[in-house]
Amino acid sequence: MTASAPTLSSHFADTFPELALPWQAQATDGPQLVLLNAGLATELGLDAEWLATDDGVRFLTGEQPGPDARPVAQAYAGHQFGHYSPRLGDGRALLLGELTAPDGRLHDLHLKGSGRTPFARGTADGQAVLGPMLREYVVSEAMHALGVPTTRALAVVATGHPVRRETVLPGAVLARTAASHLRVGTAQYAAALPEQAHPTEVLRRIVDEAIARHHPHAADAEHPALALDEAVIAAQAELVSRWMLVGFVHGVMNTDNMTLSGETIDYGPCAFIDAFDPAASFSSIDTQGRYAYGNQGPIAAWNLARLGEALVPVLDDDPDRAVALAQEALGRFHGAHLAAWRGGLRDKLGLPASVAEDDVAALTDRLFPWLAAARADWTSFWVRLAEHTAAPVDDDAARTEAARLVPGAPDPAGLAAWLADWRAMGPDPARMRAVNPVYIPRNHLLDEARTAAEGGDLAPVHRLLEAVTDPFTPRPGFERYAEPGPADGAPFVTYCGT
């Protein structure tokens, strides 16, 4: 290893031996760097030039993590589609260790597709393929650019291994970073440990770790574990609201995919809505629409109830009192989520902070049925709306404007009246343009880029990244990246391996 090689600590492995299975990444055949996030590398204090060397690429695949690294597969449990699985864990992933950024903060360096571990289910091979790893890279970087808390992609490396799925596809490893990989499922796993493993003591360590790394204000609270629970509830209420404001559907909101940090994690069957539809669901395995666009708030609350259950032993010595404290904390989720949602909508509408949440709700409650009936594109509607802050000259012009703004909407006269009421509240178009993205990783563009990359052409991936990592600035030559997918095609479907 050269002097430019990163040094990884083994903080999680040392702190949580009960939750860490020492493991090694599989060997690769001539790995090739496909994408490197040089900007993120710099933020983390890494040498991007070294990461592009042969030794750097072997570092990114986990084959040469350094002498101080102790890679582990993390153990966690989880409710998957409402059904409890007591032992999940990193079946095809590894925590290589922690990086210390220039500001002193720890960041996990985690691999996906680094080979089968003992946590792998069934006959899973533990590998990943190039297209989905590039997809996660693009979507996570887009979410970061949109201001949504998220894990981030550091690199995608082609392994040189062919991977058999429906067809034979090129294998790849994704290296991603996170504030941590502590999850609701981590607490669930610890709470279910046998008594001889001292589950309450492990839970206390999880609480201490989550507070130190993510919610330090909770350390000074009278009841730190309760303060942590409250902080995670608040963070997730805000996070899910931000998802919905940009039209994001996670697709697999299992409790093992909900972080204690409040970062978005795991971009498997995720998608962005084109047509506004609260029931929009894209995942092939979400046949009941459990994780549909409009269900994400209630599902987050359900998941957080499971967190409260897991934390009962450390919330209070009296179990009944502990349950009551957890329920009281959870009761604040709905108000926090609604406030974040309505506050975000106020910004999307360009309205001043003095406009009350209830007035925002009254405005959007009238608007959304028109958008749904017309299957209006969620993203481009807000962009177009910013161009209509000036009042038309007469009623006929107002109805024509409304019909053009939301083509196919019933009752253009009613929509014109809505526009007049909105203008009366003083919308600021500059404020709207600052929060309403022109470009998102639209599903058809992601599929197009993924397919091209699997055929050896990375140009569409780079072009899409160029668009979505500067999402608020319209640019000549990027018009197609602002357009929704074909309206007359088959419904878009995502898969866990997408």
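## Annotated position

UniProt positions are given in the numbering used here, and such annotations may be inferred rather than shown by experiment. In an unreviewed UniProt entry, Asp 256 is listed under "active site". The structure described here is a predicted model.

Asp 256 lies in the loop that runs between strand 11 (248–249) and strand 12 (271–272). Its relative accessibility is 7%, and buried means under 20%; Asp 256 therefore counts as buried. Leaving aside residues up to four places away in sequence, Asp 256 touches Tyr 76, Ala 77, Gly 78, His 79, Gln 80 and Leu 88, together with Arg 183 and Gly 185.

## Helix 6 and helix 7

Two packed helices are described by the angle and the distance between their axes. For helix 6 (residues 184–191) and helix 7 (residues 199–213), the axes come within 8 Å and cross at roughly 160 degrees. Angles over 145 degrees count as roughly antiparallel, and helix 6 and helix 7 are therefore roughly antiparallel to each other.

Helix 6 contributes Thr 186, Ala 187, Ala 190 and Ala 191 to the contact, while helix 7 contributes Pro 199, Val 202, Leu 203 and Ile 206. By class, this contact of helix 6 with helix 7 comprises 7 nonpolar residues, 1 polar residue and no charged residues.

## Helix 13

Helix 13 (residues 378–385) is mostly covered, with 6 of its 8 residues buried. The buried residues are Trp 378, Thr 379, Ser 380, Phe 381, Trp 382 and Leu 385.

These buried residues of helix 13 pack against helix 8 (224–245), helix 11 (333–348), helix 12 (357–374), helix 14 (395–405), helix 15 (412–424) and helix 16 (429–435).

Technical notes:
Residues are numbered from 1 along each chain as its sequence is written. This is a predicted model: local features need pLDDT of at least 70, side-chain atom pairs count only at pLDDT 80 or more; totals for chains, interfaces and linings use all residues. Side-chain values use heavy atoms; hydrogens and water are left out. Axes are lines fitted to C-alpha atoms, for helices over the stretch in contact, and angles run from 0 to 180 degrees between N-to-C directions. Helices (H or I, at least four residues) and strands (E, at least two) are DSSP runs, numbered from the N terminus. Angles under 35 degrees count as roughly parallel, over 145 as roughly antiparallel, 65 to 115 as roughly perpendicular and the rest as oblique. Contact means heavy atoms within 4.5 Å. Ala, Val, Leu, Ile, Met, Phe, Trp, Tyr, Cys and Pro count as nonpolar, Asp, Glu, Lys and Arg as charged, and the others, Gly among them, as polar. Buried means under 20% relative accessible area, exposed over 50%, partly exposed in between (1.4 Å probe, protein chains only).
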